[in-house]
Amino acid sequence: MTTAGVRATARIGARADGRGGTSLPVLDGEGPIAPRRTRAHGDEARVMLVGAMSGPLGNDRLAVEATVAEGARLHVGSAAATIALPGQTKGEARYDVRLRVAGGGELHWLPEQLISAAGSDLYVTSRIDLERGARLVFREEQVLGRAGEQPGRLTSRLTLRLGGRTLLDQELSCGPGAPGGWDGPAVLGGHRALGQLLLVRPEFEKEMPAARLLGECAAVNPLAGPAVLVSALAPDALRLRRVLDDALRSLG
């Protein structure tokens with residue numbers, strides 16, 4: 001930790017243990033991010049990300065890296081929502097997520113929401129690199145402001161690559177200082193919770209789910225590969241979670 005902000009990286013590595021399960025040879029955290037092993041579920045290893053201190057704050061540089069080897073199955077969640085706060089140091093904070101899954105590996109990335117508190121400034125990047133034959137469930141939920149307050153500035157970029165080919169690369173900026181129209185009818189339409197669900201499954205090569213609406217503010221969008229993106233808006237975090245959970249169940 002310095003006057004310029006906290007620099008911290010958490011690392012998770014999962015590999016098949018040769019006995020029909022998944023081991024975690026790498027499980028290391030720094031500063032505000034503490035990965036903790038929880039009880040396995042069948043052949044799936046489970047890790048919970050625990051906030052060891054407040055953050056991200058202004059000028060912090062935080063990162064989480066997870067690597068899943070061939071034949072391993074990993075489920076990652078978080079103990080509570082992540083709250084972006086202004087802190088005492090001015091400047092943009094960064095939160096980088098880097099996920100890599102080998103062919104035959106499977107990752108379920110299901111953390112709690114990211115909340116953009118008033119006065120904060122956070123840039124989030126999620127880069128997912130998959131080999132052919134990998135399986136993925138990735139959920140991202142963002143809430144603009146706590147109850148009764150305006151949001152901070154939040155910019156998020158999500159990139160998905162499969163076999164070295166980019167299937168998705170999108171960025172959205174919300175809150176004070178974001179490009180005009182972010183809260184208008186063409187973007188958020190006054191909603192304060194937004195989320196995405198990414199599913200990558202080899203069987204989608206043969207039978208891709210059809211594009212369709214899921215109510216008024218959510219949609220299933222097939223990508224140019226064995227992958228589907230669900231995008232959703234909602235008035236609050238609770239209703240957003242319900243929409244994404246329903247979408248996951250409907251996609252099997």
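**Salt bridges and cores: a short talk**

Let's start with one residue. D43 counts as partly exposed, because its relative accessibility is 31%, which lies between the 20% and 50% cut-offs. Keep in mind that this is a predicted model.

What does the side chain of D43 meet in a salt bridge? The partner is R73, at 2.5 Å from N to O. D43 sits in the loop between strand 3 (33-41) and strand 4 (44-51). R73 is in strand 6 (residues 73-78).

Next pair. R241 and E112 form a salt bridge at 3.2 Å, N to O. R241 belongs to helix 1 (residues 237-250), and E112 to the loop between strand 9 (106-110) and strand 10 (114-116). They are 129 residues apart in sequence, so the bridge ties those parts together. Is R241 buried or exposed? Buried, at 17% relative accessible area. E112 is partly exposed, at 27%.

Some bridges share partners: D43, E44, R46, R73, E106, R135 and E203 join into one network. In total, the structure holds 20 salt bridges.

Now the nonpolar side. The largest nonpolar core has 50 residues. L74, W109 and I128 are among those with the most contacts inside it. Strand 8 (residues 93-101) gives the most to this core: five residues. A second, separate core has 16 residues, including A193 and V220.

Back to I128. Its contacts include L99, F138 and L198.

How values were computed:
Residues are numbered from 1 along each chain as its sequence is written. This is a predicted model: local features need pLDDT of at least 70, side-chain atom pairs count only at pLDDT 80 or more; totals for chains, interfaces and linings use all residues. Side-chain values use heavy atoms; hydrogens and water are left out. A nonpolar core is a set of buried Ala, Val, Leu, Ile, Met, Phe, Trp, Tyr and Cys residues joined through side-chain atoms within 4.5 Å. Buried means under 20% relative accessible area, exposed over 50%, partly exposed in between (1.4 Å probe, protein chains only). Helices (H or I, at least four residues) and strands (E, at least two) are DSSP runs, numbered from the N terminus. Contact means heavy atoms within 4.5 Å. A salt bridge is a side-chain nitrogen of Lys or Arg within 4 Å of a carboxyl oxygen of Asp or Glu. Lists of a residue's contacts leave out its neighbours within four places in sequence.
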